Amino acid sequence: MLLRGRVHKLGNNVDTDQIIATEYCNSENPEELSRYCLLAAEPEFHKKVKKGDMIFAGKNFGCGSSREHAPLALKGSGISLVVAESFARIFFRNCINVGLPIMICPEAVKTATDQDYVEADLSKGELIIGGEKVMAQKFPPFMQDLVKAGGLLDYISSK
Amino acid sequence: MALTFSEKIISKQVGEEKKAGEFVFAPISKIMANELSGFVSIKQFKRYGFKKVFDPEKIILVPSHNVPNKDVTTAGHAKTMRDFAREQEIVHYYELGEMGIEHGLLPEKALVLPGELVVGGDSHTCTYGALGLLSVGMGSTDIAAAMATGKSWLRVPETIKVNFTGGMPEYVVAKDLVLYLIKRLGVEGALYKTLEIGGEVINAMGMEGRLTITNMAVEAGAKAGIIFADQVTKDFYSERGVEEDGYDILLSDSDAVYSEEVSIDVSNLSPVVAAPYSPDNVITVDELVEKEGPINIDQVVIGSCTNGRISDLRQAAQILDGKKVARGVRVIIIPATQNVYLQAVKEGLVEKFIEAGAVVSTPTCGPCAGLHSGILAEGEVAISTTNRNFPGRMGHVDSKVYLSSPYVAAASALKGQLASPLEVY
């Protein structure tokens with residue numbers, strides 16, 4: 001799957017309270033959640049973000065609470081891909097489970113600047129940043145199967 | 001092959017030897033959900049057409065976050081879970097009146113046992129690791145899948161061994177130790193790994209302090225925090241009518257492979273806080289005040305899944321007994337469960353709290369996660385015995401939370417500023 005989008009850069013340890021605060025977690029509707037997405041980290045994010053945009057974040061993205069509302073809020077905001085130096089483990093699982101594409105790629109995060117346009121080939125795990133090709137960490141085959149199935153519940157239902 | 005504790009539990013569950021880095025679909029011993037993440041799990045469960053949970057005796061449902069019902073929407077979430085519990089004939093559903101914050105309740109009622117593999121729809125599910133089991137927090141869809149199939153996918157984690165040595169100084173308690181540990185590791189220092197916590201300090205520690213420590217394993221990024229079952233564990237279960245033949249005691253092999261070993265001598269530690277906005281931003285109260293001058297506070301919260309047990313309330317009462325909280329400071333005390341609440345009433349702790357000018361709330365996660373019953377306004381500052389101090393965690397994005405032990409929180413309540421218990425007691 002090929003994606004093209006504009007980069008929003010974020011720092012290290014962006015936690016789920018910043019991605020979506022609990023006071024807005026009373027819905028699991030991605031569009032509704034998107035209105036409050038990243039309010040604490042970037043108050044204008046919900047106005048600036050466009051469909052297809054990408055998040056490029058530092059280490060430990062999505063740390064904190066187990067709330068699945070966090071990837072849903074990003075998805076509802078139109079975010080097509082999250083690239084990070086590393087992900088907090090529950091957030092990582094939640095992304096795979098709700099079908100929000102993610103890549104672990106410290107090099108890409110260092111290379112890309114805010115507002116860059118980046119291309120991503122999800123099946124190859126490849127990013128094109130300013131003409132340069134950067135490879136993301138490959139998912140283990142087990143996880144690739146989950147992603148291919150469309151998420152955990154689709155995977156289980158197909159068995 | 002030598003195995004770690006985590007490798008042993010997962011190998012036992014799947015029926016063949018599994019090592020760190022391998023992926024498994026493992027049968028789960030118990031599955032926990034609260035109403036905040038649980039209502040999403042239940043929606044997913046139904047959306048995918050699942051009819052019956054895999055085993056109604058192995059699922060534990062606890063309304064804890066927005067209860068007593070905060071508003072019409074969250075009342076609906078609680079009702080979704082209540083109705084689901086009824087239609088699925090879930091044995092372990094705990095209604096208001098017998099509920100508690102889940103991570104207080106499950107250990108207290110011996111609902112999870114040593115040697116088990118537990119998953120829960122809450123990041124602080126790692127708390128139960130203090131009981132000699134492997135317990136992992138997950139999201140709503142994971143829990144929906146586990147409720148339907150009885151299994152979860154896991155990557156077998158590597159393990160970091162943590163050794164606490166030395167003698168505990170006065171007023172230094174479990175919360176201080178875990179904050180020191182998070183400072184040492186950093187908030188992503190244990191990412192995807194198990195923290196195996198032991199040493200002479202842990203051996204001498206009661207179960208409540210141990211639960212405080214494993215509760216915050218996730219704040220270092222860990223998948224689980226575990227403490228081997230020992231005599232303290234056996235006594236804990238025996239008091240609840242569960243004897244040794246009712247569970248499995250597992251230990252890491254002596255030559256098991258660790259990814260890292262960390263040793264912390266506690267002998268010279270002082271009471272600490274984690275300053276905003278990260279749980280690893282840890283500094284002693286004295287150093288912080290020396291650096292930044294007096295730090296005025298608006299609110300004090302004593303409770304939560306980290307520090308809402310009876311020993312925590314006893315520590316707070318020891319400081320507050322016969323004194324008055326500083327004028328203008330709002331002090332909210334929240335026993336973690338109904339049993340803790342009742343015990344606090346019987347021991348006269350609640351009377352001491354009320355006479356000191358604190359309020360005592362029914363068990364709830366309310367203020368800790370910025371949900372209700374103690375939300376901070378713009379610019380306000382709280383000291384809290386909870387586990388997170390991210391921007392906006394307890395309310396407005398420009399409010400601040402300092403994390404501490406009950407001793408430090410109670411001392412600060414009296415002074416109206418961040419204070420060490422050594423200073424006011």
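Is B:A110 buried, exposed or partly exposed, judged by the other C-beta atoms within 10 Å? B:A110 is partly exposed, because 17 other C-beta atoms lie within 10 Å; a residue is buried if 20 or more other C-beta atoms lie within 10 Å of its own, exposed if 12 or fewer, and partly exposed in between, with C-beta atoms placed from the backbone. The model shown is predicted, so that local features need pLDDT of at least 70 and side-chain atom pairs count only at pLDDT 80 or more, while totals for chains, interfaces and linings use all residues. Residues are numbered from 1 along each chain as its sequence is written, and chains are lettered from A and ligands numbered from 1 in the order in which they are written.

View 1. Most residues other than glycine have a negative phi, and most peptide bonds are trans. B:A110, although not a glycine, has a positive phi of about 50 degrees, and this residue is found in the loop between α4 and β5 (117–120) of chain B. Helices (H or I, at least four residues) and strands (E, at least two) are DSSP runs, numbered from the N terminus. B:Y171, not a glycine either, has a positive phi of about 65 degrees and is found in the loop between β8 (159–165) and α6 of chain B. B:Y171 counts as partly exposed because it has 19 C-beta neighbours inside 10 Å.

**View 2. Cis peptide bonds in two loops of chain B.** The peptide bond from B:V67 to B:P68 is cis, with omega near -10 degrees, and B:P68 has its place in the loop between β3 (59–62) and α3 (72–87) of chain B. The peptide bond from B:P276 to B:Y277 is also cis, with omega near 0 degrees, and B:Y277 has its place in the loop between β12 (272–274) and β13 of chain B.

**View 3. An open sheet in chain B.** Seven strands of chain B, in the order β13-β12-β18-β17-β14-β15-β16, form an open sheet whose pairing is mixed; two strands pair if DSSP finds at least two bridges between them. The edge strands, each of which pairs on one side only, are β13 (282–284) and β16 (359–360) of chain B. Strand β15 (residues 330–334) of chain B is joined to β16(B) by two bridges, and these strands run parallel. B:I332 stands opposite B:V359 in β16(B).

**View 4. The two domains of chain B.** Chain B is divided into domain 1 (5–264) and domain 2 (272–424), with bounds that come from an automatic or database domain assignment. The C-alpha centres of these two domains of chain B lie 25 Å apart. Across the boundary, 34 residues of domain 1 of chain B are in contact with 34 residues of domain 2 of chain B, where contact requires C-beta atoms, placed from the backbone, within 7 Å. On the side of domain 1 of chain B that touches domain 2 of chain B, α6(B) gives the largest share, six residues.

**View 5. Helix α5(A) and the contact between the chains.** The contact takes 34 residues from chain A and 37 residues from chain B. With six residues, α5(A) gives the most to the side of chain A that touches chain B. That side of chain A divides into 13 nonpolar, twelve polar and nine charged residues, where Ala, Val, Leu, Ile, Met, Phe, Trp, Tyr, Cys and Pro count as nonpolar, Asp, Glu, Lys and Arg as charged, and the others, Gly among them, as polar. Ten of the ten residues of α5(A) are buried, so this helix is largely enclosed by the rest of the structure. Just after α5(A), A:G99 takes a positive phi of about 75 degrees.

**View 6. B:L320 in the largest nonpolar core.** A nonpolar core is a set of buried Ala, Val, Leu, Ile, Met, Phe, Trp, Tyr and Cys residues joined through C-beta atoms within 7 Å. Of the 196 residues in the largest nonpolar core, A:V82, A:V83, A:A108, B:V300, B:L320 and B:I333 touch the most other members. This core draws at least three residues from each of domain 1 (5–264) and domain 2 (272–424) of chain B. Leaving aside neighbours within four places in sequence, B:L320 is in contact with residues including B:K352, B:F353 and B:L414.

Notes. Two residues are in contact if their C-beta atoms, placed from the backbone, lie within 7 Å.
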